[in-house]
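Student: Could we go through this structure together, with a general idea for each feature and then the case at hand?

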Amino acid sequence: MKRRSFVTKSSLAGLSSVLGIDIVYGALMPSGYTPLAYQDVNPFTLFKKDEAMVVLNDRPWNMEAQAHLLNDPVTPNKYMFIRNNGLIPETIDEKTWMLTINGESVKASKTYTLQDLKTKFKHYTYQLTLECGGNGRSEFDPPAKGNQWTIGAVSCANWTGIRLKDLLTDVGLKDDAVYIGYHAADQHLSKNPNKEPISRGVPIAKAMQDETLIAFAMNGEPIPKVHGFPIRLVCGGWPASTSGKWLTGISVRNKVHDGEKMGGSSYRVPCETVAPGETVTDDQMCIIESMPVKSLITYPRSGAMLTEGNILKINGHAWAGELQVAKMEYSIDFGSSWNTTTLEKPSNRLAWQAFNASVSFPKKGYYEIWARATDENGTKQPMVLPGWNPKGYLNNACHRIAVKVV
């Protein structure tokens, strides 16, 4: 990632934040000068990511995994996708960090310190699936605008924190509460302090689920800065954009939250099927809620070679938003027939489920293994790209890997 554009002295705090250390004599730096260490930012080192991760954008930072990197039962930080809409906060001080709960539907506004949150409420840990609503966007035709995610904008880490419902109960809600919206410390790309890069939310019913957390730890450690340190919202099973990072406020609303990226085509799809490329008006768009049933083959990686007569062991993960996956299958004949895999139960609600199978092939040649999950309501993954939408959301077509038997 090359970043050779000059910066002003006003960016000094940001430079120090990226470098992870104070710039000695930074105040004496010539105006417009960019330190050498900042001219070649390595995102893999900066965010402690594996170098096989794929960078899609650096302003803001967006990065995805490849399928074979997601083989772990619990996603480690090094393989977790990054999705940002704004700039990562330049400075974070845990001692002064505050979370304010306000809005039309609270009985009275209330502010908490991090110490309050960590000491006054019971802690819970859940493994929760987070997937970008645009995961799979790159396959849409006509092309959809936005980061061209392939299949790697999904993760399932262990999150520890307090239940949002416990906090909202402590604040006290009015009977007309229908939605919550989050506010955060990330900066708009323009650096205009009056603009929020994103401020999304969820219905009050989702906010009050046991698994909806205000988290301060990921996989047993403080949340990495790029993933929301010191606290973030985690709403498993819904688009990851509802899980606001660097959380500073929650508004309890008596209407659907109207923050940034809640309207237009942002995280919304046509309420009814439309033809590819068709213009859709705002009143014909519906907010994405529970993510659709989906699966991913994480072993072996596509392009595997197998000696004739040998068995190929495959495994992966399946998930279904608010629902549980009831059945997992694979096909080696382009979907003409299907075989059932072993499918494990989730570690808790809203966690992905592991599957595995032993696959045999009739003779030498080229094959594709297709994976298909079915949720508890009987809904199956489509074999081909699902309905087109303007922003390329909700692509849950069957994942495929190529195999050569020689």
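Student: In which sense do strand E23 and strand E24 pair, and over how many bridges?

Tutor: Two strands count as paired when at least two bridges are found between them. In this predicted model, strand E23 (residues 365–375) and strand E24 (residues 399–405) pair in the antiparallel sense over seven bridges, and Tyr-366 stands opposite Lys-404 in E24.

Student: Which strands form the open sheet, and in what order?

Tutor: The order is E17-E24-E23-E19-E20, five strands with mixed pairing; strand E17 (304–306) and strand E20 (339–340) are the edge strands, each of which pairs on one side only.

Student: Which residues does the UniProt domain annotation cover?

Tutor: The unreviewed UniProt entry annotates residues 287–405 as "domain: Moybdenum cofactor oxidoreductase dimerisation". Over residues 287–405 the chain is 45% strand and 0% helix, with the end C-alpha atoms 45 Å apart.

Student: How many aromatic pairs does the structure hold?

Tutor: The structure holds eight, and planes over 60 degrees apart count as edge-to-face. The ring centres of Phe-47 and Trp-61 are 5.4 Å apart with planes at 80°, so this pair is edge-to-face. Because Phe-47 lies in the loop between helix H3 (43–46) and strand E1 (54–58), and Trp-61 in strand E2 (residues 61–64), the pair ties together parts 14 residues apart in sequence. Both Phe-47 and Trp-61 are buried.

Student: Is Tyr-25 buried or exposed?

Tutor: Exposed means over 50% relative accessible area, so Tyr-25, at 66% relative accessibility, counts as exposed. Tyr-25 lies in the loop between helix H1 (12–19) and helix H2 (36–39), and together with Val-24 and Leu-28 makes a nonpolar surface patch of about 410 Å².

Technical notes: Residues numbered from 1 in each chain as written. Predicted model: local features only at pLDDT ≥ 70, side-chain atom pairs only at ≥ 80, totals over all residues. Heavy atoms only, no water. Patch = residues over 30% accessible without salt bridge, like charges linked within 9 Å, V, L, I, M, F, W, Y side chains within 5 Å. Areas by Shrake-Rupley, 256 points an atom, 1.4 Å probe, with all protein chains shown as cover. Salt bridge = Lys/Arg side-chain N within 4 Å of Asp/Glu carboxyl O. Helix = DSSP H or I, 4+ residues; strand = E, 2+ residues; numbered from the N terminus. Buried < 20%, exposed > 50% of the residue type's maximum accessible area, 1.4 Å probe, protein only. UniProt positions renumbered as here; feature names shortened; annotations may be inferred. Phe/Tyr/Trp six-rings, centres within 6.5 Å; stacked < 30°, edge-to-face > 60°.
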